[in-house]
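Subject: Structure handover and notes

Hello,

Here is the structure I said I would pass on.

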Amino acid sequence: MHAAVIVFPGSNCDRDLAVALESAGARVSMVWHKDTNLPEGIDLIAIPGGFSFGDYLRCGAIAANSPICRAVVAHGEKGGYVLGICNGFQVLTETGLLPGALLRNAGLKYICKPVELTVETTNSPYTERYSAGQTITVPIAHHDGNYHCDADTLAQLRGEDRVAFRYVNTPNGALDDIAGILSPNRRVLGMMPHPERMAEPAHGGSDGAAMFAGLVDDLVTA
Amino acid sequence: MKARVHIMLKTGVLDPQGEAVRHALGTLGFGGVKGVRQGKVIELDLADDATEAQVTEMCEKLLANTVIESYTVEMS
C-alpha cells in the first residue's frame with residue numbers, strides 16, 4: 001500500500017502522519033505542493049495538519065489551489081482514498097471534495113488538548129476497526145475547527161451516515177458536534193482531531209492507531 | 001483599473017470575532033452597539049481592460065468561500 005503525504009509550506013504534521021502510516025505498514029512518499037503529478041500507483045493521499053501558507057486568506061484556501069491539489073481532486077473524484085487531518089480537512093473543504101467549511105472556534109481561542117470523540121460509524125475503511133459508539137481520545141490543535149454547513153448538507157450527512165466522529169464535549173462550537181465527515185463513497189475522510197498524534201503508547205495513548213491499521217489493511221487487500 | 005472586494009460572513013454564520021469586538025466596545029463605554037460583523041476588504045490593481053466578470057470569477061474561485069461568505073465587487 002503506497003501513500004502520498006502532501007507537504008505545503010507551513011505543514012507541520014507531515015512527518016508524524018508519515019510515521020503513523022509507515023507503522024501501520026504503508027510505504028510513504030512525501031510529495032511537494034509544487035509537483036503536478038502524484039507518484040505512480042498511489043492508493044492513498046494524506047493531507048497533514050499545520051498552517052499551510054500561513055493560513056493566509058482562509059485556512060487551506062491557498063493550498064487547495066496549489067498545483068498538486070488538482071491531482072488530489074482528480075484522485076478523489078475518480079474514487080481514490082483521501083485523508084485530510086486538521087489543516088488537511090480545511091483543504092478538503094476548500095477543494096470541494098468534502099462539503100461545508102471550518103470557521104473560527106466559537107470561543108476564539110486556539111485549543112490544543114486531548115478530546116474524547118465518539119466513533120459514529122464503522123462503515124468506512126477509516127473507522128472499521130473501531131466499534132460503533134466507541135469513545136476514543138485523540139488530541140486537537142486548531143484555531144479554526146468549528147464545522148459549519150447548511151441545513152440540507154447536514155441532513156444529507158446524517159441521512160447517509162457520513163458523520164465519522166463527533167466530539168463528546170464540543171470544544172469549538174462545531175455544528176452537530178461534528179469532528180469528522182466522510183464523502184458519499186466513504187473514501188474521503190476529513191477530521192479536525194489528530195489520530196497520528198495518538199498512534200503509539202509513547203504518545204500517551206494509541207487510540208488513533210486503529211484508523212491507520214484498518215486503512216492500510218483495506219488497501220493492501222483491495 | 002482597480003477593484004475592491006468586500007467579503008463578509010453570510011447572515012446566520014457565527015462571527016465570534018465580531019462578537020468579541022462588540023463586547024470590547026461595550027467595555028469601553030460605547031453603549032447601544034447591537035451587533036458587529038467583521039469582514040475583509042481586498043484591493044486589486046488590475047489591467048486597464050479588466051472586467052467585473054473577471055473579478056467575480058476570482059471571488060468564486062479563490063477570494064471568497066461561498067459556503068460561508070458573501071462578497072461584493074466595486075470597480076473604479
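**Strands of chain A**

A:I47 stands opposite A:G84 in strand β4 of chain A. A:I47 itself belongs to strand β3 of chain A, residues 44–47. Please keep in mind throughout that this is a predicted model.

β3(A) and β4(A), the latter covering residues 81–85, run parallel and are joined by four bridges. β3(A) is also joined to strand β1 of chain A, residues 2–7, by three bridges, and this pair is parallel too. One facing pair there is A:V5 and A:A46, the latter in β3(A).

The side chains of β3(A) point two ways: A:L44 and A:A46 go one way, while A:I45 and A:I47 go the other. Buried or exposed, these four residues of β3(A)? All are buried.

β1(A) has a further parallel partner in strand β2 of chain A, residues 27–32, with six bridges between them. Within this pairing A:I6 is opposite A:V31 of β2(A). Between β1(A) and β2(A) the chain passes through helix α1 of chain A, residues 14–23, giving a β-α-β crossover that is right-handed.

**A:I85**

A:I85 sits in strand β4 of chain A. Why does A:I85 count as buried? The cut-off is 20 or more other C-beta atoms within 10 Å; A:I85 is buried because it has 31 of them within that distance.

Which residues does A:I85 touch, leaving out those up to four places away in sequence? They are A:C13, A:L17, A:P48, A:G49, A:M191, A:H194 and A:E196. For A:L17, the separation from A:I85 is 68 residues in sequence, against a C-alpha to C-alpha distance of 9.1 Å.

**Chain B**

Chain B has two helices and three strands, and their order along the sequence is β-α-β-α-β. The three strands make an open sheet, ordered β2-β1-β3, with antiparallel pairing. At its edges are β2 (40–45) and β3 (69–75) of chain B, each of which pairs on one side only. On average, neighbouring strands of this sheet are turned by 20° against each other, direction ignored.

Strand β1 of chain B, residues 2–9, is connected to β2(B) by six bridges, and the two run antiparallel. Among the residues involved, B:K2 has B:D45 in β2(B) as its bridge partner. Helix α2 of chain B, residues 52–63, lies across β1, β2 and β3 of that chain and runs at about 155° to β3(B).

Along the principal axes, its C-alpha atoms fill a box of roughly 50 × 25 × 15 Å. Of the 76 residues of chain B, 13% count as buried. Among contacts in chain B with a separation of 6 or more, 65% come from residues 24 or more positions apart.

Regards

How values were computed: Residues numbered from 1 in each chain as written. Chains lettered and ligands numbered in written order. Predicted model: local features only at pLDDT ≥ 70, side-chain atom pairs only at ≥ 80, totals over all residues. Buried ≥ 20, exposed ≤ 12 C-beta atoms within 10 Å, placed from the backbone. Pairing = 2+ DSSP bridges. Right-handed = clockwise from strand over helix to strand, strands pointing away. Axes fitted to C-alpha atoms, helices over the stretch in contact; angles between N-to-C directions. Contact = placed C-beta atoms within 7 Å.
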